[in-house]
Amino acid sequence: MLQSELAFQKCIAPDCGATFDVQEMHVACPRCHDLLDVQYDWNRLPVPDRLEYFERKWSRRHDPLCHSGVWRFHELLPFAPAEQIVTVGEGQTLLQQADGIAPYVGVQPGRLHLQYEGLNPSGSFKDNGMSAAFTHARSIGAKRAACASTGNTSASLAMYCAVTRLMKAVIFIGSGKIAYGKLSQALEYGALTVQIAGDFDDAMVRVQQVARDLGIYLVNSVNPFRLEGQKTIMYRVLESLRWQVPDWIVVPGGNLGNSSAFGKAFSELHCLGLIDRLPRLAVINACGADTLYQLHQVRGVRWRNGHGDMSGVAEHYERLTREHKKASTIASAIEINRPVNLRKCLRALDTCDGVVRQVSDQDILDAKAQVGAGGIGCEPASAASVAGARLLVREGVIDPEQRVVCVLTGHQLKDPTATVAYHSGDPQKFNEVLGSRGVQHASFANRAIAVPNELDQIIQAIESHS
Ligand code: F0G
């Protein structure tokens, strides 16, 4: 049977519901401009009846498709045949029981888990989605791929292009808004890098126009195949918890691809009878980039089976334009005011009885220092999940007995500027990088001690600090 008969693209708007072949490339419904999903005819697909089936694939991990943390779950994202799959070994990530950080978050020992997506080959969760988008791009014969990025999508795209040589990368970044770790990846992997005079939201608009005009394959998360790959982050969380569903998934919210993908993952598993309950979802914005928070929590915008009143969304965006309001946060990865997956995220919040919170840059950096002190570490945006979980425990929304999984989306080394400024103890450096963001103190700073190049003084310094 043809793969395209079993998988198809479908508009998420219930009043439209238009369907398209998987061999077509759309980043929005051609009829009504809403977002598209990849959907499957599950009745005619060989879906395993128990999730343990996937775990057993580990014994065949010499096969790249069993080794990949994305394609081990191929039966749950069966939009392409095995021979078309592109993998570079993504998804070898880790769920760590974080007892060292549990007291900071306020939950009982054994109840906090950190999902380290920074362990992916390009250092962020993006590789999960990129391997899926690349698989689709290859199947339709694309030669060039583009994205707008706050840094990680571009690093991932550039890496997949460099490793596979299947396509050329064209990336759009805003000016002065990208962490050096990420920029250095895109440059070194050889991507054509276009830095536009604007921010991420501007770059996102432009890349869609350029991709359409030049016929370039777009890999931002408006591409529904990307999100199919990102579903697997949740499969691996479940796998690590021996298929027990946690009480909470807490994730930073930027362009809202992850939260959307997670909602779809759980909804599908539930419909397929592979899990018996859904976790709750918490999406955490930075205060300086809080569109989802404003819409969901403040204005009460809801999915309501696709019929929710979206007039508040248009009003919010009009206000941002009128007041020339730009997103601004130290967590540059989520410095986004116009999240492209907003409607899918509202759907996910509905599916998973979700909540949205915003956290300050101060809270983000303090949480990041705590995560780092617990080992492995993360970039600022990722720590929003931990800061958000802490806030929700303080509010009494998360119970200290509940099992909480915070997704750490990007590696600690992606953005060392903020980390060094936080720990430096140099007031000038601190103020330059962090002061303008409202960060006033480094509660968990680990300062380097300056000593003269004299053995006895070095020894004395070590003894007095240990
Ligand atoms: N965390 C990190 C480290 C990210 O790079 C991003 C998004 C997010 C969280 C937000 O995830 O968009 O699924 O809500 N980075 C994109 C990029 C926008 O271009 O790299 P989301």
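Helix 11 and helix 12 are oblique to each other.

Visitor: What kind of model is this?

Guide: This is a predicted model.

Visitor: How is a pair of packed helices described?

Guide: Two packed helices are described by the angle between their axes and the distance between those axes. Take helix 11 and helix 12 (residues 311–322): their axes cross at roughly 140° and come within 11 Å. Angles over 145 degrees would count as roughly antiparallel, so this pair is oblique. The crossing of helix 11 past helix 12 is right-handed.

Visitor: Which residues of helix 11 and helix 12 meet?

Guide: Helix 11 brings T291, Q294 and L295. Helix 12 answers with G312, V313, H316, Y317 and L320. By class, that contact has four nonpolar residues, four polar and no charged.

Visitor: At what angle do helix 11 and helix 13 pack?

Guide: Helix 11 (residues 291–298) and helix 13 (residues 342–351) pack at about 45°, and their axes lie 12 Å apart. Angles under 35 degrees would count as roughly parallel, so helix 11 and helix 13 are oblique. Helix 11 passes helix 13 in a right-handed crossing.

Visitor: What residues make the contact of helix 11 with helix 13?

Guide: From helix 11 come L292, L295 and H296. From helix 13 come L342, C345, L346 and L349. This contact divides into six nonpolar residues, one polar and no charged.

Visitor: Which residues of helix 11 are buried?

Guide: T291, L292, Y293, L295 and H296 are buried. Their cover includes strand 11 (280–286), helix 12, helix 13 and strand 12 (355–359).

Visitor: Where do nonpolar side chains tend to be in soluble globular proteins?

Guide: They tend to be buried together. Here, the largest nonpolar core has 100 residues. F79, L157, M234, I249 and L292 touch the most other members. Helix 9 (residues 224–240) supplies the largest share of this core, seven residues. There is also a second, separate core of 35 residues, with I284, C378, A384 and A389 among them.

Visitor: Next, backbone angles. What follows helix 11?

Guide: G300 follows helix 11, and its phi is positive, near 70°.

Visitor: Which residue other than glycine has a positive phi near 45°?

Guide: R304 does. R304 sits in the loop between helix 11 and helix 12. Its relative accessible area is 52%, so R304 is exposed.

H33 is another case: not a glycine, yet with a positive phi of about 70°. H33 lies in the loop between strand 2 (19–21) and strand 3 (36–40).

Visitor: Is H33 buried or exposed?

Guide: H33 has 62% relative accessibility, so H33 counts as exposed.

Visitor: Now a charged residue. Is E379 buried or exposed?

Guide: Buried means under 20% relative accessible area. E379 has 2% relative accessibility, so E379 counts as buried. E379 is placed in the loop between helix 14 (361–373) and helix 15 (380–394).

Visitor: What does E379 touch, not counting residues up to four places away in sequence?

Guide: E379 touches N152, K182, A333, K368, G410, H411, Q412 and K414.

Visitor: How far is E379 from P400?

Guide: Their C-alpha atoms are separated by 25 Å. Along the chain, E379 and P400 are 21 residues apart.

Key:
Residues numbered from 1 in each chain as written. Predicted model: local features only at pLDDT ≥ 70, side-chain atom pairs only at ≥ 80, totals over all residues. Heavy atoms only, no water. Core = buried A, V, L, I, M, F, W, Y, C linked by side-chain atoms within 4.5 Å. Buried < 20%, exposed > 50% of the residue type's maximum accessible area, 1.4 Å probe, protein only. Helix = DSSP H or I, 4+ residues; strand = E, 2+ residues; numbered from the N terminus. Axes fitted to C-alpha atoms, helices over the stretch in contact; angles between N-to-C directions. Parallel < 35°, antiparallel > 145°, perpendicular 65-115°, else oblique. Left-handed = near helix turned anticlockwise from the far one by under 90°. Contact = heavy atoms within 4.5 Å. Nonpolar A, V, L, I, M, F, W, Y, C, P; charged D, E, K, R; others polar.
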